[in-house]
Amino acid sequence: WEQMTIVVSPIPLEMYPFAFGLSERQRGGATRKAGDKTTTFALDLPSTQHSTAPHKHSIFTVSNDAQVLLMLEDNITSLKTLLNSPHSAGMRPHMESMLSILRQLGELFMSLVDGLRKWLDLLALFSSLEESLRPSYGLETLQVASENLQEVMGSIREDPRVLSLLSKKRGQTGVRDLQGESLRANLDAVHGMLSSLLSGVHLKLSEASAEFPRLFYLSPWEALRVLSHRGSPASLVPLIS
């Protein structure tokens, strides 16, 4: 595990420019606290402006999540099996400590991966909406969640070792602000925001589908495109042809 790293993959920022606001210097906006850092965002701003994303050209996600989760599951299962063996009595304290560490690591990593998956789904959904409609679907909340997640991914890019997700004492290698309980709190907040957004989107789609039953036959992305472009019938031809 000392050598296991999280592989970070870039996504062109131009795919989802709406997910990040602008800086206070460029246009007045609200501020938020994230750990010990203060960042700014503003809403309903042109996508061609400069973004406050951690990297000016890309946003980031995890690409080796399946590999890390499989290794965690395999190691945890092996340790639990060894603990039940009468021949492991002398190693029991050490193995129990290892098992506890791997369980904590698994919880943090799964929380990160699940948050990134929900976030990417929401980015795809919001990209189906016209720019003028995004605020009513919770654009502000999406922007704050995006900045929180990319702050985490920025820390991981600087130190991609999986074990650096866990808390470390001052002076140890790999100490950073977002790890252990601070990372858990950050991800819990992100999950709350993303769950709220998903619930709101599903509610809007359910209400629209109740009024227009044919929407039940469309995917969420297609239904959002229909609702987004309802004022432009010609743009809906690909969906009904």
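The following legends describe close-up views of a predicted model.

The model is predicted, with residues numbered from 1 along each chain as its sequence is written, and side-chain values rest on heavy atoms, with hydrogens and water left out. Local features need pLDDT of at least 70 and side-chain atom pairs count only at pLDDT 80 or more, whereas totals for chains, interfaces and linings use all residues.

**View 1. Confidence along the chain.** Helices (H or I, at least four residues) and strands (E, at least two) are DSSP runs numbered from the N terminus. Among these elements, helix 1 (residues 65-83) has the highest mean pLDDT, 93, and strand 3 (residues 37-41) the lowest, 36. Over residues 22-54 pLDDT stays under 50; for this segment the model has 67 contacts (heavy atoms within 4.5 Å) beyond four places in sequence. Where pLDDT is low, the predicted coordinates should not be read in detail.

**View 2. The largest nonpolar core.** A nonpolar core is a set of buried Ala, Val, Leu, Ile, Met, Phe, Trp, Tyr and Cys residues joined through side-chain atoms within 4.5 Å; buried means under 20% relative accessible area, exposed over 50% and partly exposed in between (1.4 Å probe, protein chains only). The largest such core has 55 residues, and Leu112, Trp119 and Phe126 have the most contacts inside it. Two or more residues each are given to this core by strand 4 (58-62), helix 1, helix 2 (92-127), helix 3 (139-158) and helix 4 (181-211). Helix 2 supplies the largest share, 14 residues. Beyond its neighbours within four places in sequence, Leu112 is in contact with Val62, Leu149, Val152, Met153, Ile156 and Leu187.

View 3. Ser146 is found in helix 3 and is buried, with a relative accessible area of 0%. Leaving aside neighbours within four places in sequence, Ser146 is in contact with Ala19, Phe20, Trp119 and Leu123. Ser155 is also found in helix 3 and counts as buried at 16% relative accessibility. With neighbours within four places again set aside, Ser155 is in contact with Arg176 and Leu178.

View 4. The structure holds one aromatic pair (Phe, Tyr or six-membered Trp rings with centres within 6.5 Å; planes under 30 degrees apart count as stacked, over 60 as edge-to-face and the rest as tilted). The ring centres of Tyr16 and Phe18 lie 6.2 Å apart with their planes at 85°, so the pair is edge-to-face. Both Tyr16 and Phe18 are buried. The charged end of Arg134 sits over the ring of Phe18, 4.3 Å from its centre; this requires NZ of Lys or CZ of Arg within 6 Å of the ring centre and within 35 degrees of the ring normal.

**View 5. Salt bridges around Arg184.** Five salt bridges (a side-chain nitrogen of Lys or Arg within 4 Å of a carboxyl oxygen of Asp or Glu) are found in the whole structure. One of them joins Arg184 to Glu107, with the closest N and O atoms 3.4 Å apart. Arg184 lies in helix 4 and Glu107 in helix 2, so this pair ties together parts that are 77 residues apart in sequence. Arg184 also meets Glu181 in a salt bridge (3.4 Å, N to O), and these two residues both lie in helix 4, three residues apart. Through shared partners, salt bridges join Glu107, Glu181 and Arg184 into one network.

Technical notes:
pLDDT = per-residue confidence, 0-100.
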